[in-house]
Amino acid sequence: MSSTRHDTLTTQHGHSAEIPPSQVIPHLLQELGDHHEFNIAFTTVDVLPVILYDGGKWYFYRNVSTMEHEGYYRLQKGHIVRSSDGTSPTLDLSVTNVVVYEWIGMLIVLALFWWSGRRYRQRPLAPPRGLQNVLESLVVYVRDEIVRPNLRSERLVRQFMPYFVGLFFFILVLNLMGLLPGMHTATGSIGTTAALAITAFLVINGLAIREIGIKGWLHHLLGGAPVYLAPIMVPIEILGLFTKPFALTVRLFANMSAGHIILLSLIGLIFYFRSIFVAPMSVGFSIFIYMLETLVCFLQTYIFTVLTAVFTGLALGDHVHDNCEQHAA
Amino acid sequence: MDGYGLAWLAAGIGCGITVLGVGNGIGRLAAAALEAGARQPEAAGDVRTTMIIGAALIEGVALFALVVCIFLALKG
């Protein structure tokens, strides 16, 4: 069983004897996604706890090897399955690689803002400098360019700035962490982006219901059309409620994974042709794509935040402030 | 040609058609935004924001198609 868990592609340098060619891309996609070992700095550490809920009982294991040693469950193609019949357990709530990287991202964001907030408290009148200046200008940008034009009411802006700033910096840190060698992109896993989009869904609809009432929210399901068009408009609008977060999920996930897949393909050309003359072209294009990915990291962070703000503004409609004629799209 | 071959062929062709459509869409959007910005430079900031949102929405549709293509390609 240990041979499937072993990271053959990164340890074998060129001759991937254990993986048939048709399985290389699925294997790489699986490596890019979530798995049960903690990968950091090119090493795999088997320290992540396994938490399973199966058949009405909870199972806790210290790590995957302990779980396989006990014998009730085993790892098959990166998924935990029952040893007896190879089916998956009811619920797998294990702490996985991506979860640990999310925690690291949260710690980085907390540390940055704790540090810069302390600077403000120590010397409130001194002009910000260095990293503090970067953070302040980004926060002001999020407030003035993203939140304020969309929420349109100073009370709501004050209330929801923490959410949007948190969203912005959390996604930015996770995206940029994926560009460091030996790290992992947590936003390149669909679970992370889905969770972010679910919070966005709750904020969009929760805020709309709180501000304009359930009646106003239901009225927005008409999309501004007369009542007799309800049989057509209501299903479309209800579908629209769910496609927005789904598009947010897939957009961030696909943009973050696509760059990695292109990088892997370019580097993979060297191993495919087994020639040193391909290497300069591969490395040159990789550096270009790497620069592009740095841009995409910032752009996708901006787009996720701004679309959440835009959808929130559209769900509120023109009820909060009267200088805008947009309705729920 | 077996089913897997057909699936891979469908994924490749679908990907190409998706990119055609999206390239056309975002190209038109950028052209219109540039023109608007050139005609009225003081509105360029607003136009750019709206353009990025529009581009993101077009890209979202493309990503739905690409997800279908990836599912087809991973059939093998």
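Chain A contains ten helices and seven strands, where helices (H or I, at least four residues) and strands (E, at least two) are DSSP runs, numbered from the N terminus. The model is predicted: local features need pLDDT of at least 70 and side-chain atom pairs count only at pLDDT 80 or more, while totals for chains, interfaces and linings use all residues. Residues are numbered from 1 along each chain as its sequence is written, and chains are lettered from A and ligands numbered from 1 in the order in which they are written.

Of the 329 residues in chain A, 26% are buried. A residue is buried if 20 or more other C-beta atoms lie within 10 Å of its own, exposed if 12 or fewer, and partly exposed in between, with C-beta atoms placed from the backbone. Among the contacts in chain A with a separation of 6 or more, 59% join residues 24 or more positions apart; two residues are in contact if their C-beta atoms, placed from the backbone, lie within 7 Å.

Chain B has two helices and zero strands. Its radius of gyration is 17 Å, well over the 11 Å that the globule rule gives for 76 residues, so chain B is more spread out than a compact globule. The radius is taken over C-alpha atoms, and the globule rule is 2.2 Å times the number of residues to the power 0.38. The C-alpha trace of chain B spans about 60 × 15 × 10 Å along its principal axes. Buried residues account for 11% of the 76 residues in chain B. In chain B, 76% of the contacts with a separation of 6 or more are between residues 24 or more positions apart.

Within chain A, helix H7 (residues 154–177) packs against helix H5 (residues 97–122) at an angle of about 120°, with the axes 9 Å apart. Axes are lines fitted to C-alpha atoms, for helices over the stretch in contact, and angles run from 0 to 180 degrees between N-to-C directions. H5(A) and H7(A) are therefore oblique to each other, given that angles under 35 degrees count as roughly parallel, over 145 as roughly antiparallel, 65 to 115 as roughly perpendicular and the rest as oblique. The crossing of H5(A) and H7(A) is right-handed; a crossing is left-handed if the near helix is turned anticlockwise from the far one by less than a right angle, and right-handed if clockwise. H5(A) contributes Tyr101(A), Glu102(A), Gly105(A), Met106(A), Ile108(A) and Val109(A), and H7(A) contributes residues including Phe169(A), Phe170(A) and Val173(A). By class, the contact has nine nonpolar, one polar and one charged residues. Here Ala, Val, Leu, Ile, Met, Phe, Trp, Tyr, Cys and Pro count as nonpolar, Asp, Glu, Lys and Arg as charged, and the others, Gly among them, as polar.

H7(A) also meets helix H6 (residues 131–151) of chain A, their axes coming within 10 Å and crossing at roughly 125°. That angle makes H6(A) oblique to H7(A), and the crossing is right-handed. The residues in this contact include Val139(A), Arg143(A), Arg148(A) and Leu151(A) of H6(A), and Leu156(A), Val157(A) and Phe160(A) of H7(A). Twelve of the contact residues are nonpolar, no residues are polar and two are charged.

Leu151(A) belongs to helix H6 of chain A and is buried, with 24 other C-beta atoms within 10 Å. Leaving out residues up to four places away in sequence, Leu151(A) touches Leu156(A), Val157(A), Phe160(A), Ala309(A), Thr312(A) and Gly313(A). Its C-alpha atom is 9.6 Å from that of Gly317(A), 166 residues apart along the chain. Arg152(A) is in the loop between H6 and H7 of chain A. It is partly exposed, with 17 C-beta neighbours inside 10 Å, and its phi is near 65°, a positive value in a residue other than glycine.

Pro181(A) is exposed, with 6 other C-beta atoms within 10 Å. The C-alpha atoms of Pro181(A) and Ala41(A) are separated by 7.2 Å, though the two are 140 residues apart along the chain.

The last topic is the contact between the chains. Eleven residues from chain B and ten residues from chain A take part. On the side of chain B, eight are nonpolar, two polar and one charged. Helix H10 (residues 279–316) of chain A packs with helix H2 (residues 44–73) of chain B at an angle of about 95°, their axes 11 Å apart, and the two helices are therefore roughly perpendicular. Ile303(A), Val306(A), Leu307(A) and Val310(A) in H10(A) meet Ile52(B), Ile53(B) and Ala56(B) in H2(B). This helix contact has seven nonpolar, no polar and no charged residues.
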